[in-house]
Amino acid sequence: TRFEREGLDFSLSTACDVVRATGDLVAPLVTAMKAEQLTESFIQGDDTGMPVLDGTKGKTGTGRLWVYASARHVVYDFTATKKGAGPAAYLKGFNGVLLADGGSEFNAAAAGDGIIRAGCWSHARRYFFDAREQSPALANEAIAKIGVLFDIEREKMPAADAAQRRELRATETRVALDAVKVWLVERVHGLRPKSAIGQAVNYALNQWEYLEVCASHPEIPIHNNMSELQLRRPVVGRKNWLFAGSEGGAT
C-alpha cells in the first residue's frame with residue numbers, strides 16, 4: 001500500500017477509522033449539496049450494484065449505489081435494495097425534471113407531485129446499436145434518424161442562449177422527434193417483438209411520453225450521460241475494493 005511504501009505501519013482498522021472520520025467531517029457538505037440540488041430545474045439519476053458483506057462469512061449481498069447529477073452537483077446515495085423507495089425518498093420535495101432511463105426503479109419518484117419524468121435518448125439509441133448484427137439496415141436507419149437529435153445538441157445548442165434553446169427545441173428538435181416517431185410506428189407491426197430490432201422499436205415507443213419531454217424543456221439534456229459517467233468511478237474502483245464491508249460503510 002501507499003502507507004507501506006512510505007514506511008508507515010497502519011492497521012486496516014486504523015485506516016478504516018480515518019476514512020470514517022473523514023466521511024463524518026464532509027457529511028454536512030454533502031447534505032448542503034443535496035439541499036441545493038433539490039432546488040434545481042433538473043436532476044439526472046442512475047444506479048449500479050454494490051456488493052456488501054451481509055454478516056455471513058464469505059458472503060456478500062447486493063446493495064445499490066445511486067448517483068444524482070445536476071448542473072451544479074453530483075451526489076451519491078446508497079440503499080440496500082433496488083426498490084423505488086430509495087429514489088423516491090432522495091427526491092422528496094424536488095420540483096423539476098427527473099432525467100433517467102426506463103427503469104421501473106424511478107417510477108415511484110416520478111409519480112411524486114411536481115416531478116416530470118424525461119427519457120434518455122442514449123439508452124433508446126443503444127438498443128438499435130445492439131440490433132445492428134441481426135438487422136443492420138433497419139437499425140442503421142433508426143440510428144441515423146436519432147442521430148439528427150444529437151447533431152442539433154452538438155452543433156447548435158452549445159452556443160445558444162435560453163431563448164434560442166427554446167426555439168431550437170420547439171422547431172428543429174420537434175421535427176426530428178416527429179420523424180423518429182413516424183419511422184417507429186410504420187415499422188413496429190412488421191417486426192417480431194422478441195427480436196433485437198423489435199425490442200428496440202418497442203422500447204422507444206413505450207418510452208415516447210418521456211423521450212419527447214426534451215422538446216418542451218430546453219433546459220435539460222436529451223440524455224442522462226452525465227449520471228452514467230459519474231458511475232464509472234465506483235464501477236472501476238469496485239474492481240479494486242471488491243465490496244463494502246457493511247451497509248454503514250457503503251453509506
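How many strands form the open sheet, and in what order? There are 5, ordered β3-β2-β1-β4-β5, with mixed pairing; two strands pair if DSSP finds at least two bridges between them. Helices (H or I, at least four residues) and strands (E, at least two) are DSSP runs, numbered from the N terminus.

This is a predicted model, in which local features need pLDDT of at least 70 and side-chain atom pairs count only at pLDDT 80 or more, while totals for chains, interfaces and linings use all residues. Residues are numbered from 1 along each chain as its sequence is written, and side-chain values use heavy atoms, leaving out hydrogens and water.

Next, select β1 (residues 42-53) and β4 (residues 96-99), which run parallel and are joined by 3 bridges. Gln-44 has Leu-99 in β4 as its bridge partner.

Now move to α5 (residues 121-130) and α8 (residues 196-206). Their axes come within 8 Å and cross at roughly 165°; axes are lines fitted to C-alpha atoms, for helices over the stretch in contact, and angles run from 0 to 180 degrees between N-to-C directions. The two helices are therefore roughly antiparallel (angles over 145 degrees). Show His-123, Ala-124, Tyr-127 and Phe-128 of α5 with Ile-197, Ala-200, Val-201 and Tyr-203 of α8: these residues make the contact (heavy atoms within 4.5 Å).

Finally, colour by pLDDT, the predictor's confidence in each residue, from 0 to 100. The protein chain averages 90, and 94% of the residues score at least 70.

Definitions and conventions. Angles under 35 degrees count as roughly parallel, over 145 as roughly antiparallel, 65 to 115 as roughly perpendicular and the rest as oblique.
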